[in-house]
Amino acid sequence: AYSTGQRVRLTDGRAFDTMCAIDSLGCAFTFGMYAHTTSFCKTTLHPVSFSVKNVTLSSVEPAGMQGSY
């Protein structure tokens with residue numbers, strides 16, 4: 001698979017890349033389980049991560065991170 005920098009890891013151990021952060025958010029719903037995404041800011045290249053659990057954004061690093069499109 002093509003490496004995009006948007007890496008998702010599911011509770012069952014599967015890991016894969018998605019095309020964008022929106023796709024990553026949707027994985028928790030698609031697979032019906034906790035999903036943790038690691039990526040990087042396209043502007044600063046700093047690492048970022050977020051998790052979705054029980055249809056809620058459960059963690060965001062760095063704190064206060066904002067997205068744009």
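**View A. The contacts of Thr18.** Setting aside neighbours within four places in sequence, Thr18 is in contact (heavy atoms within 4.5 Å) with Thr4, Gln6, Val8, Asp23, Ser24 and Cys27. This is a predicted model, where local features need pLDDT of at least 70 and side-chain atom pairs count only at pLDDT 80 or more, while totals for chains, interfaces and linings use all residues. Residues are numbered from 1 along each chain as its sequence is written, and side-chain values use heavy atoms, with hydrogens and water left out.

**View B. Thr18 in its loop.** Look for Thr18 in the loop between strand E2 (15–17) and helix H1 (21–31); helices (H or I, at least four residues) and strands (E, at least two) are DSSP runs, numbered from the N terminus. Thr18 counts as buried because its relative accessibility is 7%, the cut-off being under 20% relative accessible area with a 1.4 Å probe, protein chains only.

**View C. The open sheet.** Five strands form an open sheet in the order E2-E1-E3-E4-E5, with antiparallel pairing; two strands pair if DSSP finds at least two bridges between them. E2 and strand E5 (56–61) are the edge strands, each pairing on one side only.

**View D. Strands E3 and E4.** Here, strand E3 (residues 35–40) pairs with strand E4 (residues 47–53) in the antiparallel sense over six bridges. Phe40 stands opposite Pro47 in E4.

**View E. Helix on sheet.** H1 packs on the sheet and touches strand E1 (7–10), E2, E3, E4 and E5. The direction of H1 makes about 25 degrees with that of E4, using axes fitted as lines to C-alpha atoms, for helices over the stretch in contact, and angles from 0 to 180 degrees between N-to-C directions.

Definitions and conventions: Buried means under 20% relative accessible area, exposed over 50%, partly exposed in between (1.4 Å probe, protein chains only).
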